[in-house]
Amino acid sequence: MGHATIEWVYVAVVIALLIYVGADAWNVERKLDETPPNAQLIKVTAQQWFWTFEHENGTQEIGQLHVVKGVPYRFEVTSRDVNHAFNIPDFSTLIDAVPGRINNVWTIFDQSGQYLIQCREYCGFSHYQMRAKLFVEEPSSNSTSATKPVDLTPSVGATALTG
Amino acid sequence: MVLEVKKPRPVWEILFSTHHTDIGLLYVYLALTAFIMGGALALVIRTELFLPGHQMGLVPDSTTFHRIFTVHGTNMLFLWLLPFASGIGNYLIPIMVRYKDMAWPKLNAVAFWMIPVGMALIWLGWSDTSWYGYPPYSTIRAPGPAAEMWIFGLKILGISSILGAINFVVTILRMKHPDLPLMKIPLFVWATLITSLMILVAMPTFAAALIMLYTDRLGVSGFFNPAMGGDPIAYQHLFWFTFHPEVYIFLIPAVGMVYEIVPKFSRKPIFSYQSGVTAFVLLAIVGFSSWAHHMYSTGMTFTEKTVFMVGTLAAVPASAMHVFNWMATMWGGRIRFRAPMAFAVGGIVLFFFAGAGGIVNTAMPLDFLTHDSYWVVGHFHLFVMGQITFSFVGFLLYFLPFITGRMYNERLAMVTFWFMFIGTSLIFLTQHVTGLYGQPRRTFDYVPVQPLIILNQISTVGAWITGTSAALLLANLFHSVARGKPANMDDPFGIGEKYYDYARREPHH
Ligand code: HEM
Ligand SMILES: [Cu+2]
Ligand SMILES: [Cu+2]
């Protein structure tokens with residue numbers, strides 16, 4: 001085959017590109033996989049069709065979650081019935097909630113405001129409205145109310161919840 | 001083919017026939033029917049999502065919506081893609097390997113007739129498990145008897161495709177004309193051979209998973225039920241071990257069809273036959289190394305994720321080799337842009353975008369952005385609707401003069417192509433962005449914010465345009481079969497090259 005060379009070059013370029021993508025992804029994921037040691041724990045329980053959150057100090061919240069800006073949080077996610085997925089689209093946080101398992105994911109909320117928590121795994125009748133509100137508060141404040149003015153980013157979740 | 005049109009036969013003679021051309025056409029009719037029915041459901045889904053909130057009168061409640069996308073997905077994959085590929089295979093493989101029929105004609109008929117049974121179970125069952133039927137939802141919450149009917153329907157379709165695959169492998173490897181070496185058979189035959197071998201490896205796993213799912217539903221076992229010591233993730237491994245390779249099983253026959261079309265309409269021999277064969281074999285092997293990239297978010301360890309990322313990326317060069325092969329074939333060719341070629345080339349363009357999006361999903365950190373969002377819906381539809389369905393439609397038009405002796409309307413077919421290409425791009429390229437805005441898939445409604453509303457509306461308009469193109473295609477087929485101009489059977493597309501050597505075809509026996 002006289003025309004093999006150009007094909008080899010092409011395949012080599014494709015492979016080089018894939019190696020670059022793979023290595024980069026590996027490197028980023030390696031960093032993301034390491035939970036900061038000082039992370040605060042929040043236990044998340046999913047069930048048809050709402051979310052329950054338990055803070056380290058024992059406070060529980062249903063359908064809403066209050067967190068503080070700039071603090072790393074580690075979520076331990078599980079489910080009581082079927083599979084769900086814990087998703088905060090504005091902070092690219094996603095992990096499945098599987099009965100019988102505890103999955104971990106962590107995040108730092110770097111912007112205060114109100115955001116959307118939603119279920120990303122099909123879980124039956126009300127899957128589409130299995131949502132919760134996320135309140136990210138400034139560290140100085142000690143109020144847990146969401147009524148005070150907050151710095152709203154024009155994100156999907158924020159607009160949805162205030163509009 | 002001409003013979004069939006010249007001498008009309010009673011319907012029952014066709015229905016009870018075991019001749020490979022009759023069975024092949026029955027597969028094609030069934031597949032086209034399923035395509036239209038599944039497409040109607042897709043239009044309902046998209047119309048419901050045109051506006052946020054609940055569109056009164058269209059879909060009564062969310063469960064009905066879930067049933068609609070479950071049947072849409074199951075139907076499109078198992079009753080459109082697989083049967084269409086089997087139909088063309090049945091018709092052409094014996095001709096291409098120069099044997100009088102399939103190796104076991106009766107088994108062939110049995111494999112076909114199982115499909116309408118499976119189809120009836122799936123459509124009448126109207127299950128809401130989604131096409132992947134993940135437990136525990138499918139075992140403890142999904143209403144019966146819908147879920148049972150879905151399980152049995154898939155079971156029957158799986159057995160049918162295993163029987164069909166055995167027949168293809170034996171026909172190609174054992175019944176091939178002795179003068180025809182394996183490295184001389186058309187690439188479409190290679191595609192069918194590789195696909196069939198993959199089915200034989202992958203399908204039994206899923207068959208086992210379905211039985212476990214069924215006994216779990218009966219409550220006699222708890223394979224996937226944590227309350228009984230099982231693990232829901234185990235099902236996902238079994239499922240994706242079958243269905244990741246399965247996407248290549250859907251894809252490879254379409255690739256084989258493009259290999260039939262592109263060289264002919266470029267009026268140039270294929271750039272590299274060996275490279276095509278190599279890429280098929282590579283795809284078949286590597287296709288099995290990547291199943292768990294559907295499961296990054298189930299809580300895998302970093303090492304597991306890395307292994308499957310590498311396995312997935314390894315499959316990319318093989319697909320890229322096919323694309324290169326087509327482009328190198330077209331390069332410098334005297335291309336004749338008749339409708340089959342337009343569909344093939346349009347499919348290649350969409351294939352490229354689908355592949356690019358796939359690399360994003362594979363990169364672990366990015367997958368957490370796209371997983372289970374509309375991005376994924378856009379991505380895989382660029383494959384199934386873009387690359388695969390486009391190749392199938394192109395091949396159908398190419399094939400039409402061959403079986404009917406009549407020509408379709410070329411101008412209408414080109415209009416159909418542009419409608420389908422523009423419509424498909426509008427729907428599915430847009431859905432990538434919808435996904436980045438966080439809209440989950442399998443959702444009856446979405447957060448009513450401006451960007452999501454506009455994006456969903458563009459998708460829906462695209463779906464209506466695509467729906468129109470399907471109607472045009474159908475009209476063209478009906479019209480040309482009944483009243484089309486007689487085709488010049490030596491060279492229906494004016495390519496200046498002989499068409500299939502259909503004279504070699506064996507008569508009905
Ligand atoms: C213009 C044509 C089509 C349109 C507008 C369309 C639209 C849709 C939509 C809106 C969904 C629901 C997505 C979700 O919420 O997860 C869906 C799901 C699906 N579609 Fe299509 N579709 C089309 C063609 C096809 C074709 C040709 C195939 C396969 C050959 C296909 C296979 C599937 C599958 C497997 C699912 C997943 C179902 C599930 O989640 O259980 N679709 N489609
Ligand atoms: Cu849920
Ligand atoms: Cu859900």
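## The shell around ligand 1

By class, the residues that form the shell around ligand 1 divide into 16 nonpolar, 7 polar and 3 charged. In this predicted model, 26 residues surround ligand 1, and the closest are H72(B), S130(B), W131(B), H381(B) and R442(B).

A polar side-chain atom of H72(B) lies 2.8 Å from a nitrogen atom of ligand 1, while W131(B) brings a backbone N or O atom to 2.7 Å from an oxygen atom of ligand 1. In the side chain of Y374(B), an N or O atom is 3.3 Å from an oxygen atom of the ligand. The elements that give two or more residues to the shell are α3 (20-48), α4 (62-97), α15 (374-404), α16 (410-436) and α17 (450-483) of chain B.

## The contact between chains A and B

Chain A contributes 47 residues to the contact and chain B contributes 59. Between them the two chains bury about 4500 Å², of which 64% is on carbon and sulfur atoms. On the side of chain A, R120(A), Y122(A) and Y128(A) lose the most area to chain B, and together they account for 16% of what that side buries.

## Polar pairs and contributing elements

Across this interface there are 16 residue pairs in polar contact, and the count of salt bridges is 4. E29(A) forms a salt bridge with K305(B), in which the closest N and O atoms are 2.9 Å apart.

On the side of chain A that touches chain B, two or more residues come from each of α1 (4-32), β7 (93-97), β9 (113-119) and α2 (156-162) of chain A, with α1(A) giving the largest share, 15 residues. The residues of that side comprise 26 nonpolar, 11 polar and 10 charged.

Methods:
Residues are numbered from 1 along each chain as its sequence is written. Chains are lettered from A and ligands numbered from 1 in the order in which they are written. This is a predicted model: local features need pLDDT of at least 70, side-chain atom pairs count only at pLDDT 80 or more; totals for chains, interfaces and linings use all residues. Side-chain values use heavy atoms; hydrogens and water are left out. Contact means heavy atoms within 4.5 Å. Buried area is the accessible area (1.4 Å probe) that two parts lose on being put together, summed over both. A salt bridge is a side-chain nitrogen of Lys or Arg within 4 Å of a carboxyl oxygen of Asp or Glu. A polar contact is a pair of N or O atoms within 3.5 Å; within protein, one must be able to donate a hydrogen and the other to accept it, and residues adjacent in sequence count only if both atoms are side-chain atoms. Helices (H or I, at least four residues) and strands (E, at least two) are DSSP runs, numbered from the N terminus. Ala, Val, Leu, Ile, Met, Phe, Trp, Tyr, Cys and Pro count as nonpolar, Asp, Glu, Lys and Arg as charged, and the others, Gly among them, as polar. A residue is near a molecule or strand if one of its heavy atoms lies within 4 Å of it.
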